[in-house]
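Please keep the sequence and the three-dimensional view at hand while reading.

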Amino acid sequence: MEDLARGHITEAGHKKVGEETLAPQRHRIMDPWSYLFAWLGGCVSIGTFTVGSGLAGTLNLLQVFLAIAIGCTVIGVALAINGAAGHKYGIPFMVQARSSFGFAGTRLPALVRSVPAIVWFGFQSWIGAGALNLVSVTLFGFDNIVFWFIAFQFLQIGLSVLGFSGIKWLENIGSIFIIGALIYMFFSVIGKYGDQISTNLLQAEGTWGTPFWGATMLFLGVYSTMMLNVSDYSRELKESVSPLRQVVIYANSILPATLFMGLIGLMVSSATGEVDPIKVFSSAVDNKILLIITLLFIVFAQVTTNVLNNVIPPAYALMDIFKLNFKTSAVLVGLLAFATFPWELVKDESAAGLNLFIQTYSAFLGPIFAVLVVDYYVLRKRQLNLDLLYDEEGPYKGVNWAAIIATAVGIVFALIFSGISWYASLIPAGLSYYVLMKSMPSARRFLSN
């Protein structure tokens with residue numbers, strides 16, 4: 001119950017900057033527009049660009065467009081579904097998962113959610129550092145990407161410790177710049193590589209078979225991590241925002257960013273064979289000033305994505321498992337990202353490996369998502385007992401093996417059908433969890449509400 005009492009709320013009722021806690025959120029700082037801009041800025045992922053690049057030669061332009069649209073629609077619905085508990089009760093993912101996995105059992109979803117976040121943090125920081133280095137070379141002749149990587153990483157750590165108050169303003173200001181830059185880059189690519197795009201993509205036959213549905217899963221997979229911990233964000237959204245409106249917000253923020261980044265990656269890689277985002281963006285711009293602006297866009301996009309999506313989840317996990325405060329946890333996440341060897345992830349030959357990485361961790365994320373949804377909607381009928389969720393000696397103490405076993409069942413199906421791993425894992429995991437919760441004596445105590 002100690003966490004429940006910690007609020008770090010001022011007398012005026014406003015949360016202090018950087019004083020994030022796992023306690024139920026009392027003061028919501030995100031209105032619908034701020035929430036939309038936060039997701040828009042947070043979803044301009046270089047990983048999406050890389051996924052698009054990897055589809056060159058497999059699908060045509062229309063098929064990739066539809067794959068992105070389908071994937072983003074699924075994402076929007078899934079985010080609204082799993083974020084409902086956080087929005088209603090103001091609780092983060094780590095607390096939400098206690099009712100299904102148990103206090104100790106939440107370490108599994110915490111690990112599964114945190115590892116991809118830290119990997120993406122390092123990957124995208126290296127991309128941002130590469131852009132900064134190219135700006136430095138262009139303006140000053142100074143070429144040292146290691147220096148810029150270290151400097152950029154510490155800049156992001158500094159911004160991260162500001163918490164959601166800092167995220168709100170960073171994303172609100174940055175989203176306008178990001179959208180403008182994406183539109184400009186999209187049409188610059190078409191103008192420069194129009195003939196090759198027409199030959200290689202518009203006239204290509206492609207396929208509507210398994211590779212197409214696998215592509216929807218790849219784009220979905222980039223965000224499947226956020227489907228787990230969406231409550232970390234929805235708890236900051238004003239209570240008056242309806243579920244339907246939340247779906248609209250998610251779809252209209254994720255879809256534009258994903259379409260632009262995925263299609264730019266596909267078009268340029270199809271035309272040139274290049275998959276390095278820095279080379280791709282710089283090759284499409286001939287004007288020096290516009291090149292610098294474009295590179296700074298890449299830098300800014302990495303900041304907005306990392307601070308929102310790749311710091312908050314592992315930081316909350318560290319807070320829950322090791323009882324650290326938010327600022328310390330955010331700093332540790334930034335330092336751990338150094339150990340991901342991102343310079344290896346951005347190599348040309350790493351594009352296929354990155355897609356495999358997404359498919360593999362999605363195999364773990366789908367089953368956990370299914371367990372959370374079945375637990376909240378089917379077993380608990382959308383009713384949670386906050387006192388029990390913060391009582392370490394209560395019925396949720398320890399590990400709920402029903403959730404662990406159900407997750408393992410889902411993982412097996414996901415790995416068997418690796419091309420559509422996230423989809424394939426949902427029903428087996430959800431059904432297994434429901435049956436086990438009803439039949440396992442050790443699991444029945446977790447049904448306390």
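Helices (H or I, at least four residues) and strands (E, at least two) are DSSP runs, numbered from the N terminus. The model is a predicted one, in which local features need pLDDT of at least 70 and side-chain atom pairs count only at pLDDT 80 or more, while totals for chains, interfaces and linings use all residues. Residues are numbered from 1 along each chain as its sequence is written, and side-chain values use heavy atoms, with hydrogens and water left out.

**A loop with positive phi angles**

Lys-381 lies in the loop between α18 (351-379) and α19 (386-389). Arg-382 is found in the loop between α18 and α19 as well. Most residues other than glycine have a negative phi, and most peptide bonds are trans. Lys-381, although not a glycine, has a positive phi of about 50°. For Arg-382, which is not a glycine either, phi is positive at about 65°.

Lys-381 is exposed because its relative accessible area is 58%. Arg-382, with a relative accessible area of 48%, is therefore partly exposed.

**Aromatic rings**

Rings of Phe, Tyr and Trp (its six-membered ring) pair if their centres lie within 6.5 Å; planes under 30 degrees apart count as stacked, over 60 as edge-to-face and the rest as tilted. The structure holds 20 aromatic pairs. One of them is the tilted pair of Phe-154 and Phe-338, with 5.9 Å centre to centre and 45° between the planes. This pair links distant parts of the chain, 184 residues apart: Phe-154 belongs to helix α9 (residues 145-160), and Phe-338 to the loop between α16 (326-336) and α17 (342-345). Phe-154 counts as partly exposed because its relative accessibility is 46%. Phe-338, at 22% relative accessibility, also counts as partly exposed.

A further pair, formed by Phe-212 and Trp-213, is edge-to-face, with 5.1 Å centre to centre and 80° between the planes. Phe-212 counts as buried, since its relative accessibility is 3%, whereas Trp-213 counts as partly exposed at 42%.

Beyond these pairs, Tyr-35, Trp-39, Phe-164, Tyr-233 and Tyr-250 form one aromatic cluster.

**Packing of two helices**

Two packed helices are described by the angle between their axes and the distance between the axes. Axes are lines fitted to C-alpha atoms, for helices over the stretch in contact, and angles run from 0 to 180 degrees between N-to-C directions. Helix α2 (residues 32-42) packs against helix α15 (residues 288-322) at an angle of about 115°, and their axes are 7 Å apart. Helix α2 is therefore roughly perpendicular to α15, given that angles under 35 degrees count as roughly parallel, over 145 as roughly antiparallel, 65 to 115 as roughly perpendicular and the rest as oblique.

Contact means heavy atoms within 4.5 Å. On the side of α2 the contact is made by Ala-38, Trp-39, Gly-41 and Gly-42, and on the side of α15 by Ala-301, Thr-304, Thr-305, Leu-308 and Asn-309. Thr-305, which lies in helix α15, counts as buried because its relative accessibility is 3%. Not counting residues up to four places away in sequence, Thr-305 touches Gly-41, Gly-42, Cys-43, Val-44, Ser-45, Gln-124 and Asn-310.

**Sequence and space**

| Residues | Separation in sequence | Separation in space |
|---|---|---|
| Ala-151 and Thr-340 | 189 residues | 17 Å |
| Ser-362 and Ser-418 | 56 residues | 9.2 Å |

Ala-151 has its place in helix α9 and counts as partly exposed at 34% relative accessibility. Asn-60 is in the loop between α3 (46-54) and α4 (61-82); Asn-60 is buried, with a relative accessible area of 9%. Leaving aside residues up to four places away in sequence, Asn-60 touches Leu-201, Ala-204, Glu-205 and Gly-206. Ser-362 is found in helix α18 and is buried, with a relative accessible area of 0%.

Notes
Buried < 20%, exposed > 50% of the residue type's maximum accessible area, 1.4 Å probe, protein only.
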